Amino acid sequence: MSKTAPVSGGLPVTKTQGPLVLVAALVTVVLWASAFIGIRGAGPHYDPGALALLRMAVGSVALAIIALRHGIRLPAKRHWWLIIAWGVGWFCVYNLALNAAERTLDAGTAAMVVNLAPLMVVIFSGLFLREGFPKPLVIGAPIAFLGVVLIGMNSSTSAGPDITGLLLALLAAVMYAGCTLVQKYLLSAGTDATTLTWFGALAGTVALLPWTGSLIGALQTAPPDATLWVVYLGIFPTAIAFTTWAYVLQRSTAGQTSATTYVVPAVAILMSWAILGEVPTPLMFLGGALCLLGVLVTRLRWGRRA
């Protein structure tokens, strides 16, 4: 019988599953980092609502295929309304807020504000999900956030902060943190991860339907490459990455899982350098290194338990 390493607030992780969890976390990080490039490519041709609606429509279809292959397991009826609220918050409100914020804020400032979310998750999961405050997580998360601040300060191109944009980015951060906590609660209550992600995506898509007219107009005027970017966003950073995110979240604490996403800015820097030719500054490299170091510190608890 294979030995297991208990994980607070999640399923036991066997020795054979441990590498799969790490691979799933890596897939999530890389695909979410690539979303910044996709949003940049599609953003000028799709308004925030149209972009979110097309992305979620494509993502919902892809998630339906994944759910059907995995096997649909209906959640408990008492959780249905919570799942709908979670899906609207995560896949509708978060997307709208982030897309709109990045129209008035530069990517660096938006990243700094939105990445308050993992710190919120660390605090509130310790208080409300009884995950506690393990030292590696309490030390590593602020180190990683400092890296995000360095990246944001050195990638800023705007003349000054836009209050509306800052509030929208803060709303996105609150949605990120709150929805992560709700998702962790639902997974801990026995809800199937794949089915939950699909139902949540459907709820978010339905909530975005008021932007159908805007989407039809954008499809008629947008160049093909912009539309392909949105399709990419729906399949990879949405359907695949949220599936792997749920897999990791079910087998780890909410604090550890959310802290892992601090790697996203570092990976996004490298992708922008390789694909868009945007050469990072030395301080951005330092910020990326701090992101990686901070996430590594948060993961020390796994290595010790194993």
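# Close-up views of a predicted model

**View 1. P142 counts as partly exposed, at 41% relative accessibility.** Partly exposed is the range between buried (under 20% relative accessible area) and exposed (over 50%), computed with a 1.4 Å probe and protein chains only. The model is predicted: local features need pLDDT of at least 70 and side-chain atom pairs count only at pLDDT 80 or more, whereas totals for chains, interfaces and linings use all residues. Residues are numbered from 1 along each chain as its sequence is written, and side-chain values use heavy atoms, with hydrogens and water left out. P142 sits in helix 6 (residues 135–155). Helices (H or I, at least four residues) and strands (E, at least two) are DSSP runs, numbered from the N terminus. Not counting residues up to four places away in sequence, P142 touches L119 and L137. Such a contact means heavy atoms within 4.5 Å. The C-alpha atoms of P142 and V295 are 9.7 Å apart in space, and the two residues are 153 apart in sequence.

**View 2. The whole protein has 14 helices and two strands.** Of its 306 residues, 53% are buried. Among contacts with a separation of 6 or more, 89% join residues 24 or more positions apart. The protein exposes about 13700 Å², and carbon and sulfur atoms supply 73% of that area. Accessible areas come from the Shrake-Rupley method with a 1.4 Å probe; for residues, only the protein chains shown count as cover.

**View 3. The largest nonpolar core holds 79 residues.** A nonpolar core is a set of buried Ala, Val, Leu, Ile, Met, Phe, Trp, Tyr and Cys residues joined through side-chain atoms within 4.5 Å. Y46, L51, W90, Y94, V114, Y176 and L208 touch the most other members. Helix 2 gives the most to this core, with 11 residues. In soluble globular proteins, nonpolar side chains tend to be buried together. What does L208 touch, not counting residues up to four places away in sequence? The list is A52, L53, M56, F91, C92 and L96.

**View 4. R55 is in helix 2 (residues 48–70).** Is R55 buried or exposed? R55 counts as buried, because its relative accessibility is 9%. Its side chain makes a polar contact of 2.7 Å with the side chain of T238. A polar contact is a pair of N or O atoms within 3.5 Å; within protein, one must be able to donate a hydrogen and the other to accept it, and residues adjacent in sequence count only if both atoms are side-chain atoms. R55 also touches I39, N95, V230, L233, G234 and P237, among residues beyond four places away in sequence.

**View 5. R73 and D192 form a salt bridge.** The closest N and O atoms are 3.3 Å apart. A salt bridge is a side-chain nitrogen of Lys or Arg within 4 Å of a carboxyl oxygen of Asp or Glu. A search of the whole structure finds one. R73 lies in the loop between helix 2 and helix 3 (80–104), and D192 in the loop between helix 7 (163–188) and helix 8 (193–207), so the pair ties together parts 119 residues apart in sequence. R73 is partly exposed at 45% relative accessibility, while D192 is buried at 14%. Side chains of opposite charge can pair when their charged atoms come close.

**View 6. The structure contains 12 aromatic pairs.** Rings of Phe, Tyr and Trp (its six-membered ring) pair if their centres lie within 6.5 Å; planes under 30 degrees apart count as stacked, over 60 as edge-to-face and the rest as tilted. Y94 and Y176 pair edge-to-face, at 6.3 Å centre to centre and 85 degrees between the planes. The pair links distant parts of the chain, with Y94 in helix 3 and Y176 in helix 7, 82 residues apart. Both Y94 and Y176 are buried. W229 and Y232 have ring centres 5.8 Å apart and planes at 90 degrees, so this pair is edge-to-face. W229 and Y232 are three residues apart in helix 10 (residues 224–250), which means a separation of about one helical turn. W229 is partly exposed at 28%, and Y232 is partly exposed at 23%. One aromatic cluster consists of W32, W86, W90, F91, Y94, Y176, F242 and W245.

**View 7. T227 is placed in helix 10.** T227 counts as buried, at 19% relative accessibility. Leaving aside neighbours within four places in sequence, T227 is in contact with Y46, L54, L219 and A222.
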